[in-house]
Amino acid sequence: MTIRRAETKDMEGVNKLLRQVLMIHHNGRPDIFKPDVKKYTDNELKEIFSDDEKPVFVAVDTDENVIGYAFCMFLQQKNSNILTDIKTLYIDDLCVDEEKRGMHIGSKLYEYVINYAKQSGCYNVTLNAWSCNESAIRFYEKCGMVPQKIGMEKILL
């Protein structure tokens, strides 16, 4: 397995995994997530793949098949009255192919992102996890992540 920046040739594999994540979220919260839609157009993916402020990393097998990914983005609050000026690497999405889970691919991707953030001068790495995705929450806790803040809701309908 190799972990590297995503390239245009990875779009089909990335789209396959994006669909898997969408269905996890749709099954957990069908009131919020639509089924069977595409998160990004191919042109949007090409732009994201080439944006150094939004690095996307892929784990590929020896045949260059995408078996995992991590969509990331740099965040920084500059000149805030209340927040310090720290640089954060936010993990927007991390997925391992459902057929490859349990092989430590996610852990290796996560560690790769942590090392990338350190080399990039980040103070921390953050992410959001939907409460309906309990396996993701357990995974991130095993990686040493702790809650920073909690989003809450009250459904009105």
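**View 1. The five-stranded open sheet of the predicted model.** Five strands form an open sheet in the order E1-E2-E3-E4-E5, with mixed pairing; helices (H or I, at least four residues) and strands (E, at least two) are DSSP runs, numbered from the N terminus, and two strands pair if DSSP finds at least two bridges between them. At the edges are strand E1 (2-5) and strand E5 (124-127), each of which pairs on one side only. Neighbouring strands of this sheet are turned by 30° against each other on average, direction ignored, where axes are lines fitted to C-alpha atoms, for helices over the stretch in contact, and angles run from 0 to 180 degrees between N-to-C directions. This is a predicted model, in which local features need pLDDT of at least 70 and side-chain atom pairs count only at pLDDT 80 or more, whereas totals for chains, interfaces and linings use all residues. Residues are numbered from 1 along each chain as its sequence is written, and side-chain values use heavy atoms, with hydrogens and water left out.

**View 2. Strand E5 and its partner E4.** Strand E4 (residues 87-96) pairs with E5 in the parallel sense over four bridges; Leu89 has Val125 of E5 as its bridge partner, and Tyr90 has Thr126. Both faces of E5 are covered, since Asn124 and Thr126 on one side and Val125 and Leu127 on the other are all buried (buried means under 20% relative accessible area, exposed over 50%, partly exposed in between, with a 1.4 Å probe and protein chains only).

**View 3. Helix H1 across the sheet.** Helix H1 (residues 11-28) lies across strand E2 (56-60), strand E3 (66-76) and E4, and runs at about 80° to E3; contact here means heavy atoms within 4.5 Å.

**View 4. Two loop residues with positive phi.** Most residues other than glycine have a negative phi. Asn79, placed in the loop between E3 and E4, has a phi near 60°, a positive value, and counts as exposed because its relative accessibility is 80%. His104, found in the loop between E4 and H3, has a phi near 70°, again a positive value, and counts as exposed because its relative accessibility is 55%.
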